[in-house]
Amino acid sequence: MVARRVSSIDISGIRKMFEAAPPDAINLGLGEPDFEPPRVVVEALARATRDGMNHYGPSAGLLPLRDRVAEQYAAKDRTTSRENVIITAGGSEALMTVALALYDPGDEVLVPNPGFVLYPSHARLVGAVPVPYSLRSDRKFLPDFEELEQLVTERTRVIVVNSPSNPTGGVFPRAVVDRLVAFADRHDLMIVSDEVYEQIVYDGVATSFWGRTDRAIVVNSFSKTLAMTGWRIGYLVADRRLTPELNKVHYHIMACPSTPLQAAVLAGLEDGDGATRAMVREFRARRDLVGRLLGTVPGLSAVRPAGAFYIFPSFTWPRSAREVATDLLNRGVITTPGDAFGSLGAAHLRLSFAAARPALRQGIEIIREYGESAGAA
Ligand SMILES: Cc1ncc(COP(=O)(O)O)c(C=O)c1O
């Protein structure tokens with residue numbers, strides 16, 4: 001009934017847990033800030049719709065917003081201009097646009113394992129082959145370059161990278177970014193760098209691939225930084241020879257991004273990053289709280305996340321990740337089984353600490369009690 005490419009993918013394991021949960025469950029499952037967008041942004045949206053910004057706009061986005069995004073990226077590469085920027089319907093549409101524009105059927109795409117759920121499914125949807133590369137907790141979730149060399153074939157076109165990472169919270173140090181660039185140069189690969197958590201870092205800064213190579217296409221989003229996951233707005237930054245091609249695909253999917261949302265986001269950017277910084281301060285405190293509390297759970301150990309708002313502990317309980325997540329759901333807390341992000345997520349859970357502190361305390365107390373009984377079983 002449906003095309004084979006559709007049966008090759010599944011609904012995300014994150015959503016499955018969420019949709020199976022009772023309404024009063026403590027939600028440590030979904031990856032979204034428990035904040036509202038800054039007031040100036042909400043007011044600018046109301047104003048934009050009242051003032052008649054309710055019509056189609058340019059396919060690549062409103063010029064002032066593209067200019068504003070380009071200005072931010074000019075700090076990394078001063079030649080960056082609006083020609084490098086396309087405004088999209090979130091990072092998700094940006095990633096699909098890139099897959100459609102770059103991957104031919106049969107091409108191989110290196111994707112992180114564990115990694116965000118869309119990378120392998122987008123590859124499959126366009127007939128390409130996702131090839132997972134390992135991010136192991138005992139290497140602090142950093143890539144193993146010997147393994148990467150072994151995985152490259154004549155068909156490899158792209159490596160997808162994501163730092164700060166969903167689900168691991170890992171952030172690539174600058175030296176790793178440089179090695180990845182050298183690796184891509186050596187094998188003539190494009191780098192698709194998903195940087196949606198770029199501003200959500202706790203120790204140091206996240207190194208962008210922009211400005212370090214002209215092989216990188218950067219995917220970014222306002223979803224997390226402006227706490228507007230439901231608005232669906234983000235962007236792509238790419239070499240100006242590529243953006244017209246990417247924009248063709250984007251046009252055929254979207255026509256154009258939402259006009260009033262763009263006006264609102266622009267007002268937010270002009271207001272500065274104070275709201276994002278305040279949110280990140282709170283996330284840092286929660287990261288420390290969660291690290292401390294998880295340390296009391298028998299059978300669980302976690303690498304301290306350096307960015308994003310996830311922690312990805314491993315467990316030694318004699319159950320699969322799905323069974324553990326289901327047991328925990330039955331006890332009233334939503335988590336995500338680690339294998340939703342790839343085979344190396346088996347024996348891991350992903351917890352989001354974009355939840356209020358009382359919910360984190362209660363949720364982890366349930367996990368601690370579970371850990372005691374699972375260890376005793
Ligand atoms: C790593 C990563 N990339 C992209 C996205 C997509 O974000 P959006 O489509 O909301 O911009 C997410 C959302 O969770 C994510 O975690």
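Look for Pro-337: its bridge partner in strand 14 is Leu-349.

Before going further, keep in mind that this is a predicted model: local features need pLDDT of at least 70, side-chain atom pairs count only at pLDDT 80 or more, and totals for chains, interfaces and linings use all residues. Residue numbers start from 1 along each chain, following the sequence as written.

## Strand 14 and its other partner

Strand 10 (residues 310-311) also pairs with strand 14, again in the antiparallel sense and over 2 bridges. In this pairing, Ile-311 has Leu-351 as its bridge partner.

So which way do the residues of strand 14 (residues 349-352) point? Leu-349 and Leu-351 go one way, Arg-350 and Ser-352 go the other, and all are buried. Buried means that 20 or more other C-beta atoms, placed from the backbone, lie within 10 Å of a residue's own.

## The whole chain

Stepping back, the chain has 13 helices and 14 strands. These are DSSP runs numbered from the N terminus: H or I over at least four residues for helices, E over at least two for strands. The radius of gyration is 20 Å, close to the 21 Å from the globule rule for 377 residues, so the chain is as compact as a globular protein of that length. The radius is taken over C-alpha atoms, and the rule is 2.2 Å times the number of residues to the power 0.38.

Buried residues make up 47% of the 377 in the chain.

Methods
A residue is buried if 20 or more other C-beta atoms lie within 10 Å of its own, exposed if 12 or fewer, and partly exposed in between; C-beta atoms are placed from the backbone. Two strands pair if DSSP finds at least two bridges between them.
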